[in-house]
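Welcome to this guided tour. Keep your viewer open and get ready to select residues as we go.

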Amino acid sequence: MEQIEEAVRCALDPGTNQSVKAEATRYCESVKASPDGWRACLELFTTTPEKTPESRLFALQVIDAMIMGAGIRGNESGAAAKLSTTRAALLEFVSTRYSGPSYQNEPPFIRNTLAHTITLLALASYPAQWPTFVKDVISLTGLPDATGALTEDSARRTNAASINPFMVDFLLKILGSLDEEMVNPAVPRGAEEAARNTDIKDAMRVEDVNRMAHAWYSILAHLSTSRPDLANATLRLMGVYVSWIDISLIVNQPFVSIIFSLLKAPALRGQACRCLAEIVGKGMRSMDKLCLIQFLDIVDVMNQLELGDMEFAEEVGKLANVVGVELKAIWVDKESATPDAHATAVALLEKLMPLLLSFLSHEYDEVSSSVFTAIGEILSVFKKMQREGAPLTASQQGFLSRLMPILVDKLKYGEAYPWPTAADASIGDNDGSLDEDDEEVMFSELRRNLRAFIDAIAQIAPALYDSIMLTTAQDIFKQCNQYGVSAEQATDGGDSGHGQLGWVRAELGLYLTQAYGERLSSNKGLRFGGPKHGQSNGAQPNGTGTSGPSIESLSDLLTMMIQSGVAACQHPAIAPMYFENCVRFNGYFDARREAVTPVLTSFLSATGVRHPHASVRVRVWYFLHRFVKNLPTSGLAMYSSDFISAVNDLLLISADPSTINSALTTGTGYGMFDSQLFLFESCGIMLSPGDLDDTARMSLLQHLFNPLFTGAQRLMNSRSSEQILQDPRSLLQIHHYLTAIGSIIKGFPDVRVDSKTVSINLPHQLSPSTAQVFLKAADMCIAILEALRDSHLIREAARFTLSRMLSVLGAEALPYLPRLIDNLVSSCAVEELSDLLGFLGLIVFKFKPQVAPTASKLLLPVISKVYGFLDQVAQGGATGTDEIMLLQDLRKAYLTWVLAIFNSDLDGIFLIEQNAPHLVTIFQPIAGQLATDSASPPCQRLAFAVLFKAIQAWMVDPMGWHTLTTLTPSVAAALSNAASAKDSSRVILRQAAAQTLGIGPDSESAREARSQFKQFVLNTVVPACFETPTRPEFNMADAQASLVVSEIAAVLQMTLLAGRPDIASGDGSSAGAIPLPQLLTPPIGGDLNQNQFAAYLSSVLLPRMGCPTSMATEFVQALASLDQKQFKKYFAAFLTNSSQ
């Protein structure tokens, strides 16, 4: 024993030498694994004087391991003797050591662990080996060992002095542990263990549960006053056992009387309520449940309780909630409940409804929310009645009439809600929202539930909904308009409806406006303004639109909101809700243009963009951006000058270096500057209207740009590039200047582009002077990038700003693209390159075909950078999960970019003189590595999709007669129309792109490149089509792998098409004769004897792979004769048979 005790001490002592600790740990494990280790530990635990608590806990753990090793039912060889010895020793220990005050000296964790050990003994031994388990543990307590019917005299026959409270406490621990191990649904159990537990419960129901009920009753009768802790534990235990024991053992007159009496005991009433809730909620048939509720007369009992204490009121509310849910279940049970039972349940529920409403209207939200489930269940029945055409009774209508005002009133913030002061307020989230602490989250959840109930009433009784919602909100705005609103006082001043409005009800009015509008919008959509094409106001073409009066009511309510002056209140709850309403219902301002001026004035006031609370202030900046962005540009010019003057001082940029790490590592942004960007973009929007005088626009634009230009240039001229790169604050300041410039430009509309035509730029939307200012900004941005390209911050800002230039200026900004990409690619990290490839993909698609020369220059540098990263990892291996994911993203981004080039009909950029010699080198990794890497099926699918496009472009249609884009119905229709026109007017983007590149499809370099590519397809691509899906790691049953097989099948069919003699001739004339919009869809057909690829496949490749000649011939015939869907199915079966 001493050795075990010392080993435990050494193993747990942090000051022990590590080698000694390891040796002690090994010794402890050897004791636990030893066949007789439990004997030494049993002696260690029960010996006198007591050993250290740590060693005794270890001893119990060893004993537990022995018990669990005895088998589920304790029937392993030799187990019965071990369990009997252990049981006798532990019961003897409990009866001698725990019967007196020494019980309190035992550490709680030892008492709890011992109770669990005895529970494990019972589970392994009861009833076969230890049939007297319950009787034995009850006999230790001095409680009566009684069975049979319980009467009020049962407790009188027990001598209270003989009850040992220490042993009672331990008994309750054992029974609680028994439920945890045997019944608790949260504990996972196997089938054999579950069957054993069922047998134990069946055995206990015979007599032992009755014995336990007598013990519980005696505890409540004799110890409720002297030991309320034991009475509470007993009530808790009854609550968990009631789910599987005979309910009559507890629901009888003696037991119910004593439980009801405990509802008046302050120390016990809460647990008594919870016990009653478990009793009422026990799973039973409807008729039995109705009898139970009637016997308890629980509604009358609850009505008689004193509910002054908030915590007790919450518990009673939960009890009322359970009763309501159960009565509703009986009400709707059409199968087992009789009509009389339905009527009784409805009568009891209507009797309960006033109590539910009283809890719902309680000042504390915890009490209110305790009855939410019952309220929701009742409303769900009402909705079902409405759907079935059954009218509500007068009582039910009265319930709704009382419920609706309570729900609306509960939507208010509490008067004591802890709003931060202006001095305490700070910017939390990047969007400037208020900190969502626990209280805010709970109130938001409360409102969400209340809104669900209110929306249900809107469906059941729409007239009641409209009346309460509109009247309440209108009264609030009228009072605000007449008396003003206080930011300091939560409650209203003066009499009801008269005197200054408190901020609580002011916020409620704004919230009700939002809720009312959202209800209309979610149901039928919102369309403010007059009727169109013979429709009534607010109606939709399909007849499901919102009725006119509802839209008009919302419009009038918004007018009252704006005219009320509520926006002048400085309380932090008001401005976000007010301005959010203005943004949400922006269609209102299309119909009521006169409302724009007062709202913009509020936005630019001291309670708007200059709100004293910083968190609210930046939130308003976001709403201002949304508001002006949604307004028609035709009406903005009149506000432009005043707007920019009003926000000018808020545009001062001050970099905060503390945000750099969080922005780079977690992507949380750059603090307040992120919100300032909304202001910069808003300024750009205000300067974009075409009807704004160009002189005024230039003046305002220079007013915005000059501080940004000057600030960036001053920093660049103050020190050398190397010095600036060492200064995080300067880098961040320059980053902010460039990003602000890009945000202003972002406010201008994108250049209009027709990506289906050769001419990409439609009439320019910018004045020449504005375009010159933007081009000047582009020059500065590129110059800064070239000097500071080693900084991630500068690369990020430059890419953002120049991408906005490209969107707004269109082709005028394309000359900057090579310098931008060269500088970004030279210094970027893996994640930056992935983003950059996505950006390039958008550019080539948007600005085709004019972007072709630029894209051709960038092709090799970008591809070299991608392969450089991939080769680096191939040589050294990825160092962690994050790096693996980044490289996976890079592969997908690269393949998506190459695919975008083909889909943009810019395949010619691969064939220009400087790129053509590298064609096979470019595609070798795609076919040889990315297409065969089964660790990433999405990358495989993209790789084969790229190969499909390349084969289509250079082996099937080298003259560029057809588009390579993935055809949508609209594009197909456009191309079909083009095909029906004369050849002179036919729109062929691939040929246009080739012309901009200055190459012809029959040029020597192009022919040579295509010839090499054809050989590459035969030697590498086609073999990969068979090797990839037959690899052991390729899972044919995976959904992603199935998509890969589809792409491979398409590649094979396109290659077969390329082998047709009329296509393989190389002049492209046959492809040109095929009508648009499709090049050719399988089945391909043709004379297979003349098909070069068919011959190669059937005579060379498949036989080389071990495929019999007959099977190879059959495969080629299927490839030629089946359509895409049929061949994919055939190919999958072919691969499966080949792998067997």
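Predicted model: local features only at pLDDT ≥ 70, side-chain atom pairs only at ≥ 80, totals over all residues.

## First stop: helix H15

Residues are numbered from 1 along each chain as its sequence is written, and side-chain values use heavy atoms, with hydrogens and water left out.

Helices here are DSSP runs (H or I, at least four residues), numbered from the N terminus. Select residues 269–280 to see H15. How far apart are the end C-alpha atoms of H15? They are 16 Å apart, which agrees with the 16 Å that its 12 residues should span; the expected span is 1.5 Å times one less than the number of residues.

Now colour by accessibility. Buried means under 20% relative accessible area, exposed means over 50%, and partly exposed lies in between (1.4 Å probe, protein chains only). In H15, 10 of the 12 residues are buried, so the helix is largely enclosed by the rest of the structure. Among these buried residues are Arg-269, Gly-270, Cys-273 and Leu-276.

The charged end of Arg-269 sits over the ring of Phe-312, 4.5 Å from the ring centre. A charge counts as sitting over a ring if NZ of Lys or CZ of Arg is within 6 Å of the ring centre and within 35 degrees of the ring normal. For another example, select Arg-56, which lies over the face of Phe-45 at 4.5 Å from the ring centre.

## Second stop: aromatic pairs

Next, show the aromatic rings. Rings of Phe, Tyr and Trp (its six-membered ring) pair if their centres lie within 6.5 Å; planes under 30 degrees apart count as stacked, over 60 as edge-to-face and the rest as tilted. By this rule there are 53 aromatic pairs.

Select Tyr-217 and Phe-255, an edge-to-face pair with 5.4 Å from centre to centre and 75° between the planes. This pair links distant parts of the chain, 38 residues apart: Tyr-217 is in helix H12 (residues 208–223) and Phe-255 is in helix H14 (residues 253–262).

Then jump to Phe-1115 and Phe-1131. Their ring centres are 6.0 Å apart and their planes are at 55°, so this pair is tilted. Phe-1115 belongs to helix H52 (residues 1109–1121) and Phe-1131 to helix H53 (residues 1124–1139). Phe-1115 is buried at 0% relative accessibility, and Phe-1131 is buried at 0% too.

Ala-1049 touches Phe-1127, Lys-1128 and Phe-1131, not counting residues up to four places away in sequence; a contact means heavy atoms within 4.5 Å. Ala-1049 is buried, at 2% relative accessibility.

For a group of rings, select Phe-528, Tyr-578, Phe-579, Tyr-588, Phe-589, Phe-603 and Phe-627, which form one aromatic cluster.

Side chains of opposite charge can pair when their charged atoms come close. A salt bridge is a side-chain nitrogen of Lys or Arg within 4 Å of a carboxyl oxygen of Asp or Glu, and the count comes to 41.

Select Arg-448 and Glu-445, whose closest N and O atoms are 2.6 Å apart in a salt bridge. The two sit 3 residues apart in helix H23 (residues 438–460), so about one helical turn separates them.

Now compare Asp-750 and Lys-846, a salt bridge with its closest N and O atoms 3.9 Å apart. This pair links distant parts of the chain: Asp-750 is in the loop between helix H36 (728–746) and helix H37 (768–788), and Lys-846 is in helix H40 (residues 830–846), 96 residues apart. Asp-750 is partly exposed at 36% relative accessible area, and Lys-846 is partly exposed at 22%.

Finish with Lys-135, Asp-145, Glu-207, Asp-208 and Arg-211, which salt bridges with shared partners join into one network.
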